[in-house]
Amino acid sequence: MKPLDVLKNFYGYHSFRGHQEAIIQTVLDGKDCIALMPTGAGKSVCFQVPAMILPGLTLVLSPLIALMKDQVDAMNQLGIPAAFLNSSQDISEQRYISGQVLAGHIKILYVAPEKLYGGNYPLVDMLQKVELSLVAVDEAHCVSQWGHDFRPEYLKLGQLRKSFPSTTFLALTATADRDTRKDIADRLNLQRPQWFISSFDRPNITYRISLRSDAFAKLVDFLRIRPNDSGIIYCLSRKSVEETADRLCANGFSAVPYHAGLERDVRQANQEKFIKDEIRIIVATIAFGMGIDKSNVRFVVHTNMPQNIESYYQETGRAGRDGLPGEALLFYSFGDKITLGRMIESSDNPEYVRNMKSKLDTMVRFCQTKKCRRKFLLQYFGEDYGEECGNCDICFQKGSKTDVTIYAQMLLSAVVRLDQKFGIGHVIMVLRGSQAAKVTEQQKLLSVYGIGKDKSAEFWKLLGHQLLVEGYLLQDDPLRPVLSLTSLAWEKLKKKEKFLLSMPNDDFTSGMQQTEK
Ligand code: ADP
Ligand code: ZN
């Protein structure tokens, strides 16, 4: 069967994506490859399709024991003879699987790397007895001390390459900076591997980073502006997961906690509810999300800085997997570096500590950068992004913005003077000094009455809309379109900062100062 036929017959997909086809062809030609593909790009197909075409067995090495069963179940459902071997199974079960493998009934076998050489019955002995056509090393960055998730048991895989000289090896990973990439090839002893590097850009994700002062109020605003969206909020500790979930519930949000300290049943139930859209928000430690296939996650919030860019990229990558807009919001403070530095120092591997500290420094620079976040991220993964993205907080600040400070202040004060009890229509009437009966005598005495006469109602409407979109105004009562100020707006007013908004450059905005790009 040809690769495309396998894809159609077993998976029901019509065409390959990105580098999938080229990778599969290279594997079928018997050449070692390294594939770097972002999460969700479809790495599994790259070894599952060849496995169905090649004679003999394909071995898949993965550290994610918890996910093996799901993956194998999914394959069996597609009619692919797959199995897994790991420490969660009892001896008789493991023996049964081994028998099946030796009898040639299994095409794809998933194992954790420690199974290869460990225990009384090291798996390599059995592998010598079968026709091993392909070894796929998933999460291949785990082999490198330069990576963010080094696992010593991966080092043995270099030996495996030597023991099976005529087998093809395919290494796959979703995150690896330049140093780690080279290291993967060296440590796995790959034979002149062919590289396939997909773009890591996730154009539909908006990146925003904010200082953690008033983080909870900012978070509440963020969530209110997106009343129908579902998302993940990552916290550093179990305690802060619990606290944040409680506070969100107390503020009327549909949120549940998720961390390793919860009872297994509770944890699983919470995860289910989130996946089935029965609750909107899951507040979690980073234990949550590995292998969760929920495509309509609209936002990922970090209430603390992640340890490194790789983790940040992987975690934020869970937003917008369906291709629709997604948002990544990160709160950081200077204390984060110290806390995370201490966590890293608790390791007794000095080289690891040095590498992780340098990664932490890069993470801090990412938070503090004045350059396009996407450009920074992609450069870190070795890509030259060229232009600025126009879809991150830095680009928003820099983009062609109009200084509407005085008008924004007028509109916001009108909202406040009206006790945050009216919609945009009424606010505009007051600003423009309307004589309509709806405007009360008392409102006519307000200092804001008529101060916006020189601008059209259309202009004020547009400005109000833009203040809503950019997070300064809130309109969260579904029944009555009443405006109120967000904490972001209060902060800006207090600090007397300028309001630079992306106003469409129509006639009614002319005369206002356009800031340069
Ligand atoms: P990764 O391991 O790279 O995160 P997966 O292998 O889990 O990604 O694939 C992500 C999703 O994309 C899965 O639901 C998979 O079935 C789907 N997928 C993979 N390849 C294709 C394709 N060629 N066409 C359509 N969907 C695909
Ligand atoms: Zn940008």
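The crossing of helices α2 and α3 is right-handed. By class, their contact has nine nonpolar residues, one polar residue and no charged ones. Before I go on: this is a predicted model.

Now the geometry. Two packed helices are described by the angle between their axes and the distance between those axes. Here, α2 covers residues 20-28 and α3 covers residues 44-53; their axes come within 9 Å and cross at roughly 40°. The two helices are therefore oblique to each other.

Which residues of α2 and α3 meet? From α2 there are Gln 20, Ile 23, Ile 24, Val 27 and Leu 28, and from α3 there are Val 45, Cys 46, Val 49, Pro 50 and Ile 53.

Next, ligand 1. Gln 20 and Val 45, which belong to that helix contact, are also among the residues surrounding ligand 1. By class, the shell has five nonpolar, five polar and two charged residues.

Last, the sheet. Six strands form an open sheet with parallel pairing, in the order β8-β13-β12-β9-β11-β10. Strands β8 (205-211) and β10 (255-258) stand at the edges with a single partner strand each, so one side of each has no neighbour in the sheet. Ignoring direction, neighbouring strands are turned by 15° against each other on average.

One pair in detail: β12, residues 299-302, runs parallel to β13, residues 326-332, and four bridges join them. What is the bridge partner of Val 301 in β13? That partner is Leu 329.

Terms used: Residues numbered from 1 in each chain as written. Chains lettered and ligands numbered in written order. Predicted model: local features only at pLDDT ≥ 70, side-chain atom pairs only at ≥ 80, totals over all residues. Axes fitted to C-alpha atoms, helices over the stretch in contact; angles between N-to-C directions. Parallel < 35°, antiparallel > 145°, perpendicular 65-115°, else oblique. Left-handed = near helix turned anticlockwise from the far one by under 90°. Contact = placed C-beta atoms within 7 Å. Nonpolar A, V, L, I, M, F, W, Y, C, P; charged D, E, K, R; others polar. Near = placed C-beta within 6 Å. Pairing = 2+ DSSP bridges.
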